[in-house]
Amino acid sequence: MQPSADDLLSGWEQRLATMRSRIAATPRVRERGKLVRASGLVLEVVGLRLPLGAHCWIEQIDGREHAEAEVVGFSGRSLLLMPFAETTGLIPGARVWPVLGPPGSAPGAAKSIPVGPALLGRVLDARGRPLDGEPLPSDADYAALASRSINPLERAPISDVLDTGIRAINALLTVGRGQRLGLFAGSGVGKSVLLGMMARFTAADVIVVGLIGERGREVKDFIDNILGDAGLARAVVVAAPADTSPLLRLQGADYATRIAEDFRDRGFNVLLIMDSLTRYAMAQREIALAIGEPPATKGYPPSVFARLPTLVERAGNARAGSGSITAFYTVLTEGDDQQDPIADSARAILDGHFVLSRQLAEAGHYPAIDIEASISRAMTALIDETQLARVQYFKRMFSRYERSRDLIAVGAYAAGSDPTLDQAIALHPRMEEFLQQGMGERSDHGDATARLADLVTGNDASS
């Protein structure tokens, strides 16, 4: 009996499927380039044609150890690569291969990175490898580092108050879900302590912490002593310390943001803490200067100011009904200079900024938030007119006292000369007490607004 046409067709389909599986399992032929120059952080390679961002392996002197690098530029037919780690043993003419990604991906494509709820409570490096000594969970999801931007017209507006647990912020600098804010501070003014309080007290489903360019000692200290076990249980920490390559510091910030985006897309309300945006900018400066980009503003090349908004704009609200990313980016102000180019650029692209004052910190005033210099641009859309009047009254009284502080201190002011100043002097002890808060003390939004209302009771808060 002759086989039917359907049987023949089925047999050929099975053979074709077998051949396809064999082809997929066959090692692919890779292009190979040659290392011709190494200068500082940059390696020059010829013989390869790869896009920016592609990853390569570079043969080392023993022929077995390989260093991984990323394409960061090109000049004519030469590719400019930067290694992910410090390399030794590179020799002239060393062979260079593009990293092979999954079948169907382009040569040199970056590997997928772990994301998702399985990472909660974990500490990872910029490439998704665990730093806490435990293996990656088998149920972790994987995704590409890059993500598609959201149409700005499809983003949900900032309309819900976010309770940070910090009295001064909740009452006087109200934050909304999906807002992006900067924390401007010099060294030693309590920045890390304030971030730790936010991580423990903020009403968020998930916390993602990116420790970018900080000292290695500070990473462990932040996790153990500031974030604590309770904070870490609902957090994912991505650490790229100062001793890592500038590529990994950049990738660490992108990876932390990508993890936050994944949680947001799953419907979670995420708190993203990035410490610091300045170190991220410095890493980009190192790369740009190494490949020959000319400096522009105070030594920063133009690409630095192009990358900052690209990173920041990935945070915020998603489409209505989805989750949100409320982001706090620390900005280091060298010598407390608020006109630093990175600080100035950050102010322009963020939805507000909190300034920490060295003078307050030295006086033992914590958190050392300078209420006069700080602003939340979304606050007026989040609170009613009564609350706004109380906030304005508080700031007016506080500012009036500060402007006359020297006169009052030396006894040059005569009571009764200025009724407004008399009110400010009477209220000042209570205002100082209101603005200070212990590291382990939580003040929710309702308590903060009630205490503010009580503070201004009996005074004309609408004048």
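A nonpolar core is a set of buried Ala, Val, Leu, Ile, Met, Phe, Trp, Tyr and Cys residues joined through side-chain atoms within 4.5 Å; buried means under 20% relative accessible area (1.4 Å probe, protein chains only). The model shown is predicted, with local features needing pLDDT of at least 70, side-chain atom pairs counting only at pLDDT 80 or more, and totals for chains, interfaces and linings using all residues. Residues are numbered from 1 along each chain as its sequence is written, and side-chain values use heavy atoms, without hydrogens and water.

**View 1. The largest nonpolar core comprises 62 residues.** Those with the most contacts inside this core are Leu172, Val237, Phe354, Ile369, Phe394, Phe434 and Leu435. Because domain 2 (112-379) and domain 3 (386-458) both contribute residues, the core lies between them; the domain bounds come from an automatic or database domain assignment. Another core, of 51 residues, lies apart from it and includes Leu80, Leu250, Ala253 and Ala260.

**View 2. Helix H8 spans residues 341-349.** Helices (H or I, at least four residues) and strands (E, at least two) are DSSP runs, numbered from the N terminus. Pro341, Ile342, Ala343, Ser345, Ala346 and Arg347 of H8 are buried. The buried residues pack against strands E12, E17 and E18 and helices H6 and H7, where contact means heavy atoms within 4.5 Å. Asp340 caps the N-terminal end of H8, with a side-chain oxygen 3.0 Å from the backbone nitrogen of Ile342.

**View 3. A barrel is closed by 6 strands in the order E1-E2-E5-E4-E3-E6.** The pairing is antiparallel, and two strands pair if DSSP finds at least two bridges between them. Strands E2 (residues 42-46) and E5 (residues 78-83) are joined over 3 bridges. Leu43 stands opposite Leu81 in E5.

Notes:
Buried means under 20% relative accessible area, exposed over 50%, partly exposed in between (1.4 Å probe, protein chains only). A polar contact is a pair of N or O atoms within 3.5 Å; within protein, one must be able to donate a hydrogen and the other to accept it, and residues adjacent in sequence count only if both atoms are side-chain atoms.
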